Amino acid sequence: MANVENCVIIGASHAAVQLMISLRQLGWRGSITVISDDPNMPYHKPPLSKAYLSGETTDEQLALRAAPVYEKLDVTFKLGETVAKIDRDGKSVVLASGEQISYAKLALCTGARVRPLPAPGTNLAGVHYLRTMDDVKGIKKSMETSKNAVIIGGGYIGLETAASLKKLGINVTVLEAEARLLQRVATEQVSSFFRRLHEEEGVEILRNTQASKLVGSEKLEKVFCSDGREIKADLAIIGIGVIPNTELAENAGLETDNGILVDEFAKTSDPDIVAAGDCTNHPSKIAGKNIRLESVPNATEQAKAAAASICGTPKEYNELPWFWSDQFDVKLQIAGLNEGYTDTVVRGDIENGRSFSVFYLKNDKLIAADCVNNLKDFMFTKKLILQDQVIDKAALSDETVELKSLLT
Amino acid sequence: MPTIKYIEFNGTEHEVDVMSGTTVMQAALDNMIEGIVGECGGSCVCSTCHCMVDPAWTHITGEVNSEENDLLDIVDEREETSRLSCQIKVTDEMDGLVVRLPESQY
Ligand SMILES: Cc1cc2nc3c(=O)[nH]c(=O)nc-3n(C[C@H](O)[C@H](O)[C@H](O)COP(=O)(O)OP(=O)(O)OC[C@H]3O[C@@H](n4cnc5c(N)ncnc54)[C@H](O)[C@@H]3O)c2cc1C
Ligand code: FES
């Protein structure tokens, strides 16, 4: 062991798994040690609020890779263990158990954790967060006896959860603190569409409403709202955003700023330490500034760049961001980043229908799109954005014009 | 356990044993077969798991569904028997299935 270089990966989720695969593909000959506080073998996170919650996806199907893959990759897992400290001078990590593990290269794939709800009562039975497989197992257990659920937070995860529970016949109320759903991530038009969708499906949406107190004798019984309203509930799921796990890096003196700061090659301010996934704040040529993303494509693509940096064959991470969300019979796909848009174009019936696209333009060029039940538009949109040319707005809005014909 | 043969665009063949119930996409990832990316994990939103089913097997692998069809419309090398491998659930009848992988997914 003494002469073998060790690569330590902290975290064992989307970024970490891609990183270990890429390391071997790029010829990393040293050992690989993966440490994560999640006790489960790596699993897909997106289905947690979707098909896994609704019971359509099994535990086996949730696995990111089958077990033999990790044997082939020759990876040592230390699951259920927390890294307490990084000792950069001694080039080792110290676990909460006191164990010390040395590294030649270190990869931070620490992701993000749920933002705690600042209200009393969150430790009552029947109250859950949703980030891990064990969280969902807990929710499923509570669901066996629940009839009325309150979802705290109207972001993607909250809305997906609302849809999954509603499909199972549970009454669902969504509390959104802001004036509209998806306030942070979607434009007004798209927010309104999601409100209509959920209301049509029988979900109650309360906007400008915060949960101020969760009460019950042992189990949750009621959610008190900021406006004085009381909602009877035996299940509450909190989804009010995440906080990047940067403390380890910060305490080790690495630069952080809403995420661990990395360059386009996923390198931190220490040449032997890379970082990838939800925990990073990275430069984006497409956005023209530094950004932090919370998505699987970001985690896997950045992990490829991180592995390349470790192996000394740097490869720039500069992919077009994209994301998806499933709610009821609606598949939303988002291409690009709409921040700073100056104009929007709608294609299809956003007022009454369930299939349309909203395009975002800046200086007459396409920068992003939200596509609802419109897989084809989405795929062409990605290409059109990368084309980076002035686009014909009339053609964009005309459903009889195929987007394909706008490609040059 | 059914055996599936994946043939890369350059002719390299991989014959692997696969559990029924998994998908042709996941089985490729689980055997580290290059040429299937599976970026969305089988949610049918990315089209990076395109494969061409050997014509002898299409009656068993079944029809393209409508979402899948939309995605296949934009892949570079669509053929008559093209499928998204995440939409093919492996069954015992698929023992011996042969799929080819397109060059664009490397
Ligand atoms: C319910 C849900 C639905 C989602 N849906 C979608 C979707 O539809 N599409 C999409 O693109 N994205 C979706 N996402 C987001 C996506 O899952 C994340 O972007 C992705 O998981 C990020 O991967 P990661 O490897 O960077 O970090 P994470 O998945 O956050 O994993 C990091 C791991 O590191 C561990 N860790 C952190 N610090 C330490 C330490 N000190 N010691 C040991 N272990 C540590 C953490 O506990 C965690 O297990 C969803 C997320 C959730 C929760
Ligand atoms: S894996 Fe994404 S469409 Fe098949």
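**Where chains A and B meet, and what lies inside**

Between chain B and chain A, 7 residue pairs are in polar contact, counting pairs with both residues at pLDDT 80 or more. On chain B, the elements that give two or more residues to the side touching chain A are α1 (24-30) and α3 (66-72). Sorted by class, this side of chain B has 8 nonpolar, 6 polar and 8 charged residues. The model is a predicted one.

The extent of the interface can be given in two ways. Counted by residues, 22 of chain B are in contact with 24 of chain A. Counted by area, the two chains bury about 2000 Å² between them, and 57% of that is on carbon and sulfur atoms. There are also 2 salt bridges between chain B and chain A. In one salt bridge, the side chain of A:Lys331 meets that of B:Glu67, with 3.2 Å from N to O.

The next topic is the interior. In soluble globular proteins, nonpolar side chains tend to be buried together. Here the largest nonpolar core has 55 residues, and those with the most contacts inside it are A:Phe359, A:Leu366, A:Leu396, B:Tyr6, B:Val24, B:Leu97 and B:Val99. Helix α9 of chain A (residues 375-387) gives the most to this core, with 6 residues. Another core, of 42 residues, lies apart from it; A:Tyr156, A:Ala163, A:Phe194 and A:Tyr360 are among its members.

A:Phe359 shows what surrounds one residue of the largest core. Leaving out residues up to four places away in sequence, A:Phe359 touches A:Leu366 and A:Leu396, and its other contacts include A:Val345, A:Ala368, A:Leu403 and the charged residues A:Asp343, A:Arg347 and A:Asp377.

A:Ala335 belongs to strand β23 of chain A, which covers residues 330-336. A:Ala335 counts as buried because its relative accessible area is 0%, and the cut-off for buried is under 20%. Residues up to four places away in sequence aside, the contacts of A:Ala335 include A:Pro321, A:Trp322, A:Ile367, A:Phe378 and A:Ile385. The C-alpha atom of A:Ala335 is separated by 8.5 Å from that of A:Met379, a residue 44 places apart from it along the chain.

Beyond its neighbours within four places in sequence, A:Ser309 is in contact with A:Phe265, A:Lys267 and A:Val274.

Terms used
Residues numbered from 1 in each chain as written. Chains lettered and ligands numbered in written order. Predicted model: local features only at pLDDT ≥ 70, side-chain atom pairs only at ≥ 80, totals over all residues. Heavy atoms only, no water. Contact = heavy atoms within 4.5 Å. Buried area = accessible area lost by both parts, 1.4 Å probe. Salt bridge = Lys/Arg side-chain N within 4 Å of Asp/Glu carboxyl O. Polar contact = N/O pair within 3.5 Å; in protein donor to acceptor, adjacent residues only side chain to side chain. Helix = DSSP H or I, 4+ residues; strand = E, 2+ residues; numbered from the N terminus. Core = buried A, V, L, I, M, F, W, Y, C linked by side-chain atoms within 4.5 Å. Buried < 20%, exposed > 50% of the residue type's maximum accessible area, 1.4 Å probe, protein only.
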